[in-house]
Amino acid sequence: MATFLLNLHRIIRVAFRSGFNCYLLSIYLLLSTAPLLFGQSFSVHTDPNGFYQTTKTAPNRASAARKAHYGVITFKADPRRPANSAVVSISIDQGVPLDDGLWLTLSYKSSTGLRDPANEIIIANKIIDRISRRVEIPLSGLNENTTYYFNLIYWHGCTGEQAAQAQYKTGVASSKPKKVLLVLDKPYQNDPQIEQALAVYKADATRADPNLVFEPVYLSTDPAEKGLLYELIKNRYYDADAPLHYLFFIGRNAPATIRSEVLNHKTHQVLPGRHYFHSSIAVYAKVSVQDFPFDGQENTFVNRRYDCQLVGNDLIPNDRSNGFYQYSGVDVSYGALIPTRPEEGKDYILRYFDKLHRYKTGQIKFDKKVLLADTQLYDGSLPRKIEQLTGRWTGNDTINVPKKYGGDFHGFDPVWKEDYLKKLGANSYEIAYYTGHGSPGLHYYGITPTEINGLPQLKTLLFDFASCSVGDITARDYLAGVYLDKGNTLFVNAFSTPIGIVSYDNESPLLEKFKENQVFNLFTKGRYSSDAYRYGYTTNIVQFYFGDPLLLLDPPCTSTDPLAITSTGSLSLCPGDSVTLRLPATFTNYRWFRNEQEISGVQTATLVAKQGGFYSAKARQCDQEVSSPQSVTITLKPGPETPVITVEPFPDRFRLRVTPTGKFTSFNWFLNGERWTETTRDTVVAAFLGEYTVRVTQDGCSVVSKPVSVAIETPVLTVTGPNPACAGDSLVVKAPENFSAYTWLTKDGPTVVTTSNVRTFNQNTAVAVSPKRGSLAGPTSAYVTLAFKPKPPKPTVTLESDGFRSSSPVNNQWYRNGQPLPDSTRQVLRNPGAGTYHVRVTQEGCYNESAPMILTTIEPAVGRLRVYPNPAKELFWIEWPGGFRAGTLEVIDNLGRTVYRRSYDRPPSGALPVSLKTAPGLYFLRFSSADQVQTVKLVVGSE
């Protein structure tokens, strides 16, 4: 299995509710995504709702090197529901101590996407078998024929390490009927109006899916019945004939108050401040993993666990913790219809079922648009991004806001409020997605149940509230329920308590649910609303799905609208004009025809027609193709030829010329879409920079030229010569030609206006230019930095006994008679011949030269060292100089290398032979004693 590793910085904005306000605390977490590399370390903390939150810490390299894994994960399908359920077996390695400080987390998801969310199960120590070191986890609620990726972490106290990874693919779903359990309040049993509404609901649902079967269950207010309902749901889930797939809670009796407790492991008492209560309906949908089992003695759902920071390695006597501390998923898709007021419960329910039926029979329709409302991290680019992601929703919208407020702002914004209410009350949307502060009766900025009930209409199919407590059903007129009851709204996702909102790189999180395999993307692909949310991994114990669990974004076709063609604008067209023809949006597979010939490439409900002719259409409705009952005739009128504008730049102006010349008598000019001037001449001088068009009219038809841009492009400066240059040199800077004036700008220097496009500089500066064409000023170029490097000091040459010496120890080049000497870059030039010499010293590309030195021919003096024959091919005879007692004879080539050397402690008797087997050329014979040196040129001849 492929393994991936990525650390994502996420900002968790955890919201706290106080009175009517929901405050946010920003917590920076480094969260891990599965699958991951082994050797990762983790820590855990509890959020304000008392739930564990896992945080990945720095990689534990020592651990990774020590152990490849600490456990093994295996799977076997549950034969009762192999497409949705499996048994996960975990074997713990012998090296992991099974003390009470140990516990496990198992996460899984259906993708390897690094940002994709995963479900997580937190497993208590007590259910691990101490002998086999194994634990089996029943897991349900999986999607059919899907590969899941599992990641296991083992913990000691509040720190953990990755233990194992695996993947598992579910089977294919059977063709068995799918059970829908309708859970209603006891008073609704045998109520004729409720029974009629349910009968219509069932008929609409089975028309979309004939495989559905329904079973009603009625609840009283007795808390014990909630435990019985939970057991019934578990039994129905594995029913052999019609396994349970959907729950629909109707009324106020089913929602449960659940309790979470963190205990002291020594006293088994609840730790101070670690006692939490939540309103929930998702608890019923947890079939296999019961993190909140029903306590029959207390008649409530309870979760008990010990604080990971307090438990040591000792055994915990009388362990009262749950087998599973926490489970983020649910196994059954569900929806809920919970009236906002007890006294209006029946009317609330009947109103909802009435509009639900009208939607499923095509009487209520919504525009394929999305409204985004982010009160904290507004991003106006998201509407377009959603259109690109799904291809379904176009013309999306967002709420105007003066600025990004961030999570710490708790005031009101009348601009935001007005725009939010205006758009909800006037437009139609399929999705409205809100994120921001909230409470049961208020969400920002200033939206209350009164505001929503006061809207003239509400044509929004689904609301998703990533906001604190707007789904708190214990409050009268809780906001989520008010939205569901108003107008045509059919589904609302909301939370009953404060929540955390995940944001990546401080950007709005609204885009996430529209991505592949996430909630709204699944909704567009034919998933029921409840399935889309469940498989989108957004389920939470305090999350409520209000509305029909069997809601489809595109219900089965029942409309009988005629395929009537409507038009916008006149059907008598001037050349270049067009008219938009439209068909009803309730059809599919559109085909357009002109003069009974199909128009290729147009398969949408709208056609922009520019040609004359007879237009008709065909489209499919309810699996049948129908034709438009009448055709539409479009006629074309003759009109003027389309003018062309030519822009002619001169140094002092832009001239605009209209062609063809002589055919038009009036010219209406427009600048940037606004009327500029009218003239009878075909040429004008541009008064401003911008985009120009011209309109000409003939026989009631006018035609507008294509726009032309009159602009001065940002000039680009060019520099002649190397930059940086050397001190004392000059750099020439050149601007584009054909302008009337140039404003030269230098940083920390004067501004110079010239008519020349060239300037010369000989010192460090930064220069830019702004050209003008008459009165039209162009943009300023980017600054070009000019730099001048210093030259090295002027070298001096001194004469030594055997050559020249430069004053510079490095970077030398010797010249003779103006030409560089090969391989002569040392400080000393030895044994030079006759000629004019100088040295050049180079530093960082800049150089300086010495004064010339003139050397004449060196000849032997009378009575001194003599050599003969000279030149000679190989053998030379040397006469010892008079007055010399001892000394050394050396022969040196013109590069200063010694090719012959011999020393004498007394004068020889007679001439000395010297045999040189060297290449032909000029050499120097040098005789040196303690106080004298004599040198003679020696020429070795060739054959």
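**Aromatic contacts and charges over rings**

In the predicted model, the charged end of Arg840 is placed over the ring of Tyr847, at 3.8 Å from the centre of that ring.

A pair of aromatic rings is described by the distance of the centres and the angle of the planes. The count comes to 48 aromatic pairs. One of these is the pair of Phe75 and Tyr168, which is stacked, with 5.0 Å centre to centre and 20° between the planes. Phe75 belongs to strand 5 (residues 71-77) and Tyr168 to strand 11 (residues 159-169), so the contact ties together parts of the chain that are 93 residues apart in sequence. Phe75 has a relative accessibility of 21% and therefore counts as partly exposed, since buried means under 20%. Tyr168 is buried, its relative accessible area being 13%.

Tyr246 and Tyr528 form an edge-to-face pair, with 5.5 Å centre to centre and 90° between the planes. Distant parts of the chain are linked by this pair: Tyr246 is in strand 14 (residues 244-250), whereas Tyr528 is in the loop between helix 9 (519-524) and helix 10 (529-535), and the two are 282 residues apart. Both Tyr246 and Tyr528 are buried.

Beyond these individual pairs, one aromatic cluster is formed by Tyr405, Phe412, Trp416, Tyr420, Tyr434, Tyr444, Tyr445, Phe463, Phe465 and Tyr483.

Note on methods. Residues numbered from 1 in each chain as written. Predicted model: local features only at pLDDT ≥ 70, side-chain atom pairs only at ≥ 80, totals over all residues. Heavy atoms only, no water. Phe/Tyr/Trp six-rings, centres within 6.5 Å; stacked < 30°, edge-to-face > 60°. Helix = DSSP H or I, 4+ residues; strand = E, 2+ residues; numbered from the N terminus. Buried < 20%, exposed > 50% of the residue type's maximum accessible area, 1.4 Å probe, protein only. Lys NZ or Arg CZ within 6 Å of the ring centre and 35° of its normal.
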